[in-house]
Amino acid sequence: MLRVAREASKYLPVDGEWLVSPEKLEPPMKAFNWSRMQFRADEVNYSIYNGFRGLASEGVKIVAVVWGDGYVEGMNFVFGLATPELGVATVYTRRLESEGKLEERLVKEVLHELGHLLGLGHCNNKKCVMSFSLTLAEVDEKGPGFCSECSIRLARALGRG
Ligand SMILES: [Zn+2]
Ligand SMILES: [Zn+2]
């Protein structure tokens, strides 16, 4: 995860400190749906928020990578989910790991969810990391970078524009 964070930090157009947990944490099994064999992403985010209230209340944004599959009610799966009001997002590896592209896809999805946590919505530019991806082809089509408009929005949202 250190490599993913290091790579992702290159593409965030605003300054910030990246902290990587030195230990692998156990995913909250109470958010695991055994009949679907998937994590319910909104519950995972809430559980992480509860576990890291201290950080969240200081305005630290948390993006956790979960080794497994995630979903939300009404969808078969999600690559990731951000809950901006909690400052917590998760990215799920299960659908991203084919073709030896897990790491580059994780970099994109971590940046995408972080963008949501920092106030961005989806972008119509298919090359922009904030474009919405429903398929792996769409994840692969976009780059890890924020388009110029999203970069400006990001700077503004953080009061630096
Ligand atoms: Zn999104
Ligand atoms: Zn954009």
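In the protein chain, 56% of the contacts with a separation of 6 or more are between residues 24 or more positions apart; two residues are in contact if their C-beta atoms, placed from the backbone, lie within 7 Å. This is a predicted model, in which local features need pLDDT of at least 70 and side-chain atom pairs count only at pLDDT 80 or more, while totals for chains, interfaces and linings use all residues. Residues are numbered from 1 along each chain as its sequence is written, and chains are lettered from A and ligands numbered from 1 in the order in which they are written.

Start with the whole chain in cartoon view. The protein chain has six helices and six strands, in the order α-β-β-α-α-β-β-β-β-α-α-α from the N terminus. These are DSSP runs numbered from the N terminus: helices are H or I with at least four residues, strands E with at least two. The radius of gyration, taken over C-alpha atoms, is 15 Å, close to the 15 Å that the globule rule (2.2 Å times the number of residues to the power 0.38) gives for 161 residues, so the chain is as compact as a globular protein of that length.

Next, select residues 62–66 and 80–83, which are strand 3 and strand 5, the edge strands that each pair on one side only. The three strands form an open sheet in the order 3-6-5, with mixed pairing; two strands pair if DSSP finds at least two bridges between them. The twist averages 15 degrees from one strand to the next.

Now show residues 41–51. This is helix 2, which packs on the sheet, touches strand 3, strand 5 and strand 6, and makes about 130 degrees with the direction of strand 6. Angles run from 0 to 180 degrees between N-to-C directions, with axes fitted to C-alpha atoms, for helices over the stretch in contact. Residues 102–117, helix 4, lie across strand 3, strand 5 and strand 6 at about 160 degrees to strand 6.

Which residues touch the most other members of the largest nonpolar core? Select Val63, Val91, Leu106, Val110, Leu111, Met130 and Cys150, out of 36 residues in that core. A nonpolar core is a set of buried Ala, Val, Leu, Ile, Met, Phe, Trp, Tyr and Cys residues joined through C-beta atoms within 7 Å; buried means 20 or more other C-beta atoms within 10 Å of a residue's own, all placed from the backbone.

Finish on Leu111: not counting residues up to four places away in sequence, Leu111 touches Ala8, Tyr11, Leu12, Val129 and Pro144.

Methods. A residue is buried if 20 or more other C-beta atoms lie within 10 Å of its own, exposed if 12 or fewer, and partly exposed in between; C-beta atoms are placed from the backbone.
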